[in-house]
Amino acid sequence: ASVSGKIDWARRFDHMQQHSGEHICSGLICARFHCDNVGFHMGSDVVTIDFDGELSREQLSEIEREANYAVAANYKVTATFPSEETLKTLEYRSKLELTENVRIVEIGNTDICACCAPHVSSTAEVGSVRILSSERRRRGGEGVRITMLCGLDAYDNEVIIGENNTEISMLLSAKRNETAAAVRRLMGENEKLKAHSVELC
């Protein structure tokens with residue numbers, strides 16, 4: 001039988017952006033804070049990465065900034081199949097027991113890791129890196145799970161957040177960069193009203 005196929009390029013490029021962005025963050029975290037990537041999941045809406053060490057919000061903010069510097073630097077992304085002898089002396093993440101057909105993905109000045117997934121050809125194609133949240137790992141021991149997005153997905157997420165923040169600022173008659181303070185003030189006033197109503201009862 002003769003068949004023909006066509007790559008869903010939009011979906012493939014999205015996966016390339018997310019996966020290369022994950023490598024950038026994992027490489028930086030490993031080098032800076034000596035935490036290893038012990039879990040990775042690319043969902044339909046977000047990407048999650050599990051690390052075996054604790055990372056503060058301040059530390060993750062540093063990583064996010066450095067990751068976006070790496071994107072702006074337009075580092076080359078290469079994939080090679082080094083020889084068995086070269087693999088023995090090569091320092092890379094996700095070192096495997098395999099001695100042949102090990103694919104090494106290297107992101108200039110940022111990461112080198114064994115990986116079989118598709119990647120962009122340069123960091124600029126990742127577009128942007130956004131770390132959305134972090135939480136303690138629920139299973140598998142100590143560590144942290146971060147949620148992130150890259151590229152067009154990160155842009156779409158920022159648009160949604162911006163639209164929501166604009167609506168909140170209008171509802172609370174607050175500037176867009178002061179909505180959190182306005183919400184805290186409103187919550188404080190609400191607590192006072194609750195306390196007052198209890199006294200009246």
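# Chatting through the salt bridges and cores

Visitor: Which residue does Arg-145 form a salt bridge with?

Guide: Asp-50, and the closest N and O atoms are 2.6 Å apart. A salt bridge here is a side-chain nitrogen of Lys or Arg within 4 Å of a carboxyl oxygen of Asp or Glu. Keep in mind that this is a predicted model, where local features need pLDDT of at least 70 and side-chain atom pairs count only at pLDDT 80 or more, while totals for chains, interfaces and linings use all residues. Residues are numbered from 1 along each chain as its sequence is written, and side-chain values use heavy atoms, with hydrogens and water left out.

Visitor: Where do Arg-145 and Asp-50 sit in the chain?

Guide: Arg-145 is in strand S7 and Asp-50 in strand S2, 95 residues apart, so the pair links distant parts of the chain. Helices (H or I, at least four residues) and strands (E, at least two) are DSSP runs, numbered from the N terminus.

Visitor: Is Asp-50 buried or exposed?

Guide: Asp-50 counts as buried because its relative accessibility is 10%. Arg-145 is partly exposed, with a relative accessible area of 30%. The cut-offs: buried is under 20% relative accessible area, exposed is over 50%, and partly exposed is in between (1.4 Å probe, protein chains only).

Visitor: How many salt bridges does that rule give?

Guide: Eight salt bridges. Another one joins the side chains of Glu-64 and Arg-130, at 3.0 Å from N to O. That pair also links distant parts of the chain, with Glu-64 in helix H2 and Arg-130 in strand S6, 66 residues apart. Glu-64 is buried at 11% relative accessible area, and Arg-130 is partly exposed at 31%.

Visitor: Which residues get joined into one network by shared partners?

Guide: Arg-32, Glu-62 and Glu-66.

Visitor: New topic. How many residues are in the largest nonpolar core?

Guide: It has 29, and those with the most contacts inside it are Ile-24, Phe-51, Val-129 and Met-148. A nonpolar core means buried Ala, Val, Leu, Ile, Met, Phe, Trp, Tyr and Cys residues joined through side-chain atoms within 4.5 Å.

Visitor: Which helix gives the most to this core?

Guide: H1, with six residues.

Visitor: And what is Ile-24 in contact with?

Guide: Leaving aside neighbours within four places in sequence, Ile-24 is in contact (heavy atoms within 4.5 Å) with Ala-67, Ala-70, Val-71, Ile-107, Thr-110, Thr-123 and Val-126. Apart from this core lies another, of six residues, including Tyr-92 and Val-102.

Visitor: Back to H1. What span should its 25 residues have?

Guide: At 1.5 Å a residue they should span 36 Å, and the end C-alpha atoms are 35 Å apart, which agrees. The expected span is 1.5 Å times one less than the number of residues.

Visitor: What happens just after H1?

Guide: His-34 takes a positive phi of about 60 degrees, although His-34 is not a glycine. His-34 lies in the loop between H1 and strand S1 (37-42), and counts as exposed at 65% relative accessibility.

Visitor: What about Asn-74, what's its phi?

Guide: Near 60 degrees, again a positive value in a residue other than glycine. Asn-74 lies in the loop between H2 and strand S3 (77-80).

Visitor: Last one: what order do the strands of the open sheet have?

Guide: S3-S4-S5, with antiparallel pairing. Two strands pair if DSSP finds at least two bridges between them. S4 and S5 pair over four bridges, and the bridge partner of Ile-104 in S5 is Ala-114.
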